[in-house]
Amino acid sequence: MDDAKASLVKRIFEKAQFVRSLGIELIAFGDGWCETRVAVTPTLEQQHGFVHAGVLMTLADHTCGAAAATTVAEGQDVITVENKVSFLRPAVGAVAFCRGEVLRAGKRLIFTEGEVTIERDGERLIVAKASSTLAVIS
(Lines give C-alpha, C1' and ligand atoms only; values in the text may rest on other atoms or scores of the structure.)
Protein backbone atom coordinates (compact mmCIF):
# COMPACT_ATOMS: atom_id res chain seq x y z
CA MET A 1 0.00 0.00 0.00
CA ASP A 2 1.33 3.43 -0.87
CA ASP A 3 1.96 6.18 1.67
CA ALA A 4 -0.94 8.36 0.47
CA LYS A 5 -3.50 5.60 1.15
CA ALA A 6 -1.97 4.76 4.53
CA SER A 7 -2.05 8.46 5.44
CA LEU A 8 -5.73 8.70 4.41
CA VAL A 9 -6.73 5.73 6.58
CA LYS A 10 -4.89 7.12 9.60
CA ARG A 11 -6.44 10.56 9.02
CA ILE A 12 -9.94 9.00 8.88
CA PHE A 13 -9.46 7.90 12.49
CA GLU A 14 -7.56 10.95 13.75
CA LYS A 15 -10.12 13.49 12.49
CA ALA A 16 -13.32 11.64 13.47
CA GLN A 17 -14.01 13.17 16.87
CA PHE A 18 -17.14 11.10 17.51
CA VAL A 19 -15.28 7.87 16.76
CA ARG A 20 -12.43 8.94 19.03
CA SER A 21 -14.91 9.84 21.80
CA LEU A 22 -16.19 6.25 21.74
CA GLY A 23 -12.63 4.94 22.07
CA ILE A 24 -12.58 3.17 18.70
CA GLU A 25 -9.00 2.34 17.73
CA LEU A 26 -7.40 1.42 14.43
CA ILE A 27 -5.56 -1.90 14.81
CA ALA A 28 -4.36 -2.74 11.30
CA PHE A 29 -5.18 -2.24 7.63
CA GLY A 30 -4.06 -3.20 4.17
CA ASP A 31 -5.31 -3.17 0.59
CA GLY A 32 -9.08 -3.69 0.83
CA TRP A 33 -9.37 -4.35 4.57
CA CYS A 34 -9.27 -2.72 7.99
CA GLU A 35 -9.44 -3.91 11.61
CA THR A 36 -10.51 -1.94 14.66
CA ARG A 37 -11.43 -2.42 18.31
CA VAL A 38 -13.13 -0.66 21.17
CA ALA A 39 -12.79 -1.39 24.87
CA VAL A 40 -16.26 -1.85 26.33
CA THR A 41 -17.00 0.57 29.15
CA PRO A 42 -20.28 1.16 31.01
CA THR A 43 -20.85 4.36 29.01
CA LEU A 44 -21.08 2.26 25.80
CA GLU A 45 -23.78 -0.03 27.19
CA GLN A 46 -27.53 0.24 26.80
CA GLN A 47 -30.12 -0.31 29.54
CA HIS A 48 -29.73 -4.12 29.59
CA GLY A 49 -25.94 -4.07 29.93
CA PHE A 50 -25.19 -4.93 26.28
CA VAL A 51 -22.97 -2.84 24.03
CA HIS A 52 -25.31 -0.29 22.46
CA ALA A 53 -26.34 -1.01 18.87
CA GLY A 54 -25.24 2.51 17.91
CA VAL A 55 -21.71 1.77 19.09
CA LEU A 56 -21.60 -1.49 17.11
CA MET A 57 -22.99 0.22 14.02
CA THR A 58 -20.49 3.07 14.30
CA LEU A 59 -17.65 0.58 14.74
CA ALA A 60 -18.74 -1.28 11.59
CA ASP A 61 -19.40 1.90 9.58
CA HIS A 62 -16.05 3.48 10.31
CA THR A 63 -14.11 0.25 9.82
CA CYS A 64 -15.79 -0.44 6.48
CA GLY A 65 -15.16 3.15 5.45
CA ALA A 66 -11.47 2.83 6.18
CA ALA A 67 -11.31 -0.44 4.25
CA ALA A 68 -12.95 1.32 1.29
CA ALA A 69 -10.50 4.22 1.57
CA THR A 70 -7.62 1.83 0.90
CA THR A 71 -8.93 1.38 -2.66
CA VAL A 72 -9.32 5.00 -3.83
CA ALA A 73 -6.87 7.07 -5.84
CA GLU A 74 -4.80 9.86 -4.31
CA GLY A 75 -6.91 12.98 -3.78
CA GLN A 76 -10.11 10.96 -3.29
CA ASP A 77 -11.93 9.89 -0.15
CA VAL A 78 -15.11 7.97 0.69
CA ILE A 79 -18.39 8.72 2.41
CA THR A 80 -21.10 6.29 3.48
CA VAL A 81 -24.30 6.34 1.44
CA GLU A 82 -25.95 3.21 2.85
CA ASN A 83 -25.50 0.88 5.83
CA LYS A 84 -27.19 -2.28 7.00
CA VAL A 85 -26.36 -4.04 10.24
CA SER A 86 -27.83 -7.30 11.51
CA PHE A 87 -27.38 -7.90 15.21
CA LEU A 88 -26.91 -11.62 15.81
CA ARG A 89 -26.57 -11.82 19.60
CA PRO A 90 -26.22 -9.47 22.56
CA ALA A 91 -22.74 -7.98 22.76
CA VAL A 92 -21.41 -8.64 26.24
CA GLY A 93 -17.66 -8.69 26.79
CA ALA A 94 -14.52 -6.70 27.41
CA VAL A 95 -13.54 -5.73 23.85
CA ALA A 96 -15.44 -5.44 20.55
CA PHE A 97 -13.57 -5.92 17.29
CA CYS A 98 -14.46 -5.29 13.67
CA ARG A 99 -12.93 -6.39 10.39
CA GLY A 100 -14.13 -4.61 7.28
CA GLU A 101 -13.41 -5.92 3.78
CA VAL A 102 -14.03 -4.50 0.34
CA LEU A 103 -16.09 -6.82 -1.83
CA ARG A 104 -16.18 -4.57 -4.89
CA ALA A 105 -14.55 -1.25 -5.61
CA GLY A 106 -15.99 0.61 -8.57
CA LYS A 107 -15.13 4.07 -9.85
CA ARG A 108 -17.95 5.76 -7.91
CA LEU A 109 -19.24 3.21 -5.39
CA ILE A 110 -17.49 0.74 -3.11
CA PHE A 111 -19.30 -2.17 -1.44
CA THR A 112 -17.95 -3.54 1.84
CA GLU A 113 -18.82 -6.06 4.53
CA GLY A 114 -17.95 -5.93 8.19
CA GLU A 115 -17.99 -8.48 10.96
CA VAL A 116 -18.22 -7.36 14.57
CA THR A 117 -17.06 -9.75 17.26
CA ILE A 118 -16.88 -9.53 21.02
CA GLU A 119 -14.18 -10.98 23.20
CA ARG A 120 -15.73 -13.12 25.92
CA ASP A 121 -14.29 -15.95 28.02
CA GLY A 122 -11.16 -16.16 25.88
CA GLU A 123 -12.94 -16.45 22.54
CA ARG A 124 -14.47 -14.16 19.94
CA LEU A 125 -18.16 -14.43 19.15
CA ILE A 126 -19.84 -12.82 16.13
CA VAL A 127 -22.34 -10.26 17.36
CA ALA A 128 -23.13 -8.36 14.15
CA LYS A 129 -22.70 -8.43 10.37
CA ALA A 130 -22.73 -5.24 8.35
CA SER A 131 -22.80 -4.22 4.72
CA SER A 132 -21.98 -0.73 3.59
CA THR A 133 -21.99 1.17 0.32
CA LEU A 134 -19.64 4.13 0.10
CA ALA A 135 -19.37 6.85 -2.54
CA VAL A 136 -15.99 7.96 -3.84
CA ILE A 137 -15.58 11.72 -3.42
CA SER A 138 -12.90 14.26 -4.32
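Trainee: Does S132 count as buried or exposed?
Mentor: Buried means under 20% relative accessible area, exposed means over 50%, and partly exposed lies in between, using a 1.4 Å probe and protein chains only. The relative accessibility of S132 is 1%, so S132 counts as buried.

Trainee: What kind of model is this?
Mentor: Residues are numbered from 1 along each chain as its sequence is written, and side-chain values use heavy atoms, without hydrogens and water. Local features need pLDDT of at least 70, side-chain atom pairs count only at pLDDT 80 or more, and totals for chains, interfaces and linings use all residues, for this is a predicted model.

Trainee: In which strand does S132 lie?
Mentor: Strands (E, at least two residues) and helices (H or I, at least four) are DSSP runs, numbered from the N terminus. Residues 123-137 form the strand that holds S132, namely β6.

Trainee: Which residue has its backbone oxygen 3.4 Å from a polar atom of the side chain of S132?
Mentor: Contact means heavy atoms within 4.5 Å. Leaving aside neighbours within four places in sequence, S132 is in contact with residues including D61, T80, E82 and F111. The backbone oxygen that lies 3.4 Å from the S132 side chain belongs to E82.

Trainee: How many salt bridges does the whole structure hold?
Mentor: A salt bridge is a side-chain nitrogen of Lys or Arg within 4 Å of a carboxyl oxygen of Asp or Glu. One of them joins E115 and K129, with the closest N and O atoms 3.3 Å apart. A search of the whole structure gives a total of four.

Trainee: How many residues apart in sequence are the parts that E35 and R99 tie together?
Mentor: E35 and R99 form a salt bridge whose closest N and O atoms are 2.6 Å apart. Since E35 belongs to strand β2 and R99 to strand β4, the pair ties together parts whose separation, in residues, is 64.

Trainee: Is R99 buried or partly exposed?
Mentor: E35, the partner of R99 in this salt bridge, has a relative accessible area of 25% and is partly exposed. For R99 the relative accessibility is 30%, so R99 counts as partly exposed.

Key. Polar contact = N/O pair within 3.5 Å; in protein donor to acceptor, adjacent residues only side chain to side chain.
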